[in-house]
Amino acid sequence: MTTPAFALAAYDDPAALARALAAHVAEALRARLARDGAASLAVSGGRTPTRFFETLSGAPLDWSRIAVTLVDERWVPETSERSNAALVRRHLLKGPAAAARFVPLFTGAATPEEGLAAAEAAVAALPAPFAAVVLGMGDDGHTASFFPGADALAAAVDPAGTAPLIAVRADGAGEPRITFTLPPLIAADLLLLHIEGAGKRAVLERAAAGGAVAEMPIRAVLNAVRVPLDVLWCP
Ligand SMILES: O=C(O)[C@H](O)[C@@H](O)[C@H](O)[C@H](O)COP(=O)(O)O
C-alpha cells in the first residue's frame with residue numbers, strides 16, 4: 001500500500017478550525033520552549049489565516065522567548081494592503097503574543113534580490129528548526145511562494161538546496177516575492193497545511209493524485225514529507 005500524501009482533519013467551521021490549529025501550534029511552541037528555552041514559528045499570509053492568528057495571539061505562552069516570521073512575503077512595505085507582515089502585526093502580534101520577536105522578510109530594499117542577504121542574516125538568528133510552520137495553498141496549487149511557472153521554482157523546492165530564502169517572480173504572484181525554501185519549512189517539528197473551502201480541498205486532492213511539481217508546487221511538499229502531510233480543513 002502506498003502512503004497517503006496527506007491526512008485531512010475536517011472541522012465544522014473556521015472558528016473550530018482556528019481553535020484546533022492554534023492549539024496544535026501552541027503545543028509545538030510549548031514543547032520547544034521546554035526543551036530549548038526558545039522557539040520559532042513561521043506563518044503564511046493571504047486571506048485564510050486571520051482567524052487563526054487572532055486565536056493564537058491569546059495563547060498563554062512565554063511569547064518573549066518566541067520568534068515569529070513569515071513563510072513568504074510579497075515585496076511591499078508594511079503600508080501596503082498586500083503586506084503579510086502588516087497582517088501578522090495586526091492580527092497575531094497582540095495581547096500576550098505582542099511580546100514575541102517578529103522577524104519580517106521585507107527589508108526595504110528595492111527588490112527581493114537586493115534584500116535577500118539582509119533577510120537571510122535576519123532569519124539566521126531564528127531558533128532552528130522551526131517549532132511550527134503553517135502553510136497555506138492557493139487555488140493554483142501554490143504554497144509559500146512556490147508558484148507554477150515561477151522563475152526560481154526548481155531551486156525553491158529543491159530538497160537538497162542550502163539557501164534558506166529565495167527571491168521569486170511569477171505571473172500569478174502579483175509583486176515579486178521572497179520565500180523560505182522547501183528544506184527549512186519541512187524541517188519543522190510541526191508542519192501543517194491550513195485550507196478552507198471545497199475548492200481548495202479539490203485542488204489538494206488533484207495535487208495528491210500525482211503529476212508535475214511545476215504544475216502544482218504543493219506537490220513538492222507532499223513528496224518531501226516522510227509522513228502524510230497534516231491538513232486542517234473546513235468547508
Ligand atoms: O503571501 C501569500 O500569498 C501566502 O503566504 C500564500 O502562500 C498563501 O498561503 C496562499 O496564497 C493562500 O492564500 P489565501 O489564504 O489568500 O487563499
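**Entry 1: the ligand shell**

Which of the 14 residues around the ligand come nearest? I found G45, G46, R47, T48 and G136. A residue is near a molecule or strand here if its C-beta atom, placed from the backbone, lies within 6 Å of it.

**Entry 2: what kind of model this is**

I noted that this is a predicted model, in which local features need pLDDT of at least 70 and side-chain atom pairs count only at pLDDT 80 or more, while totals for chains, interfaces and linings use all residues. Residues are numbered from 1 along each chain as its sequence is written. The protein averages a pLDDT of 97, and 99% of the residues score at least 70; pLDDT is the predictor's confidence in each residue, from 0 to 100. I also wrote down ipTM 0.96 and pTM 0.98.

**Entry 3: the seven-stranded sheet**

Next I traced an open sheet of seven strands, and its order is β1-β10-β9-β6-β2-β3-β5, with parallel pairing. Strands are DSSP runs of E with at least two residues, helices are runs of H or I with at least four, and both are numbered from the N terminus. Two strands pair if DSSP finds at least two bridges between them.

Which strands stand at the edges? They are β1 and β5 (101-103), and each has a single partner strand, so one side of each is left without a neighbour in the sheet. Neighbouring strands of this sheet are turned by 20° against each other on average, direction ignored. The axes behind such angles are lines fitted to C-alpha atoms, for helices over the stretch in contact, and angles run from 0 to 180 degrees between N-to-C directions.

I then went through some of the pairs:

- Strand β1 (residues 6-10) runs parallel to strand β10 (residues 229-234) and is joined to it by five bridges; A7 stands opposite D230.
- Strand β9 (residues 190-196) also runs parallel to β10, with five bridges; L193 has V231 as its bridge partner.
- Strands β2 (residues 39-43) and β3 (residues 66-70) pair in the parallel sense over five bridges, and S40 stands opposite A67.

How many residues of β2 are buried? Five of the five are, so β2 is largely enclosed by the rest of the structure. Buried means 20 or more other C-beta atoms within 10 Å of a residue's own, exposed means 12 or fewer, and partly exposed lies in between, with C-beta atoms placed from the backbone. A39, L41 and V43 point one way from β2, and S40 and A42 point the other way. I reminded myself that side chains in a regular strand alternate between the two faces of the sheet.

Over in strand β3 I looked up L70. L70 is buried, with 26 other C-beta atoms within 10 Å. Setting aside neighbours within four places in sequence, its contacts include A42 and V43, along with G45, N84 and P104. Contact means that the C-beta atoms of two residues, placed from the backbone, lie within 7 Å.

**Entry 4: the three-stranded sheet**

There is also an open sheet of three strands, in the order β4-β8-β7 with antiparallel pairing. Here β4 (72-74) and β7 (165-168) stand at the edges with a single partner strand each, so one side of each is left without a neighbour in the sheet. The twist averages 15° from one strand to the next. Four bridges join β7 to β8 (residues 177-180), and A167 has I178 as its bridge partner. Helix α4 (residues 112-124) packs on the sheet, touching β7 and β8, and its direction makes about 160° with that of β7.

**Entry 5: two backbone spots**

Where is the cis peptide bond? I found it from A128 to P129, with omega near -10°. P129 lies in the loop between α4 and β6 (132-135).

A144 is not a glycine, yet it has a positive phi of about 45°. I placed A144 in the loop between β6 and α5 (153-156). A144 counts as buried, with 29 C-beta neighbours inside 10 Å.
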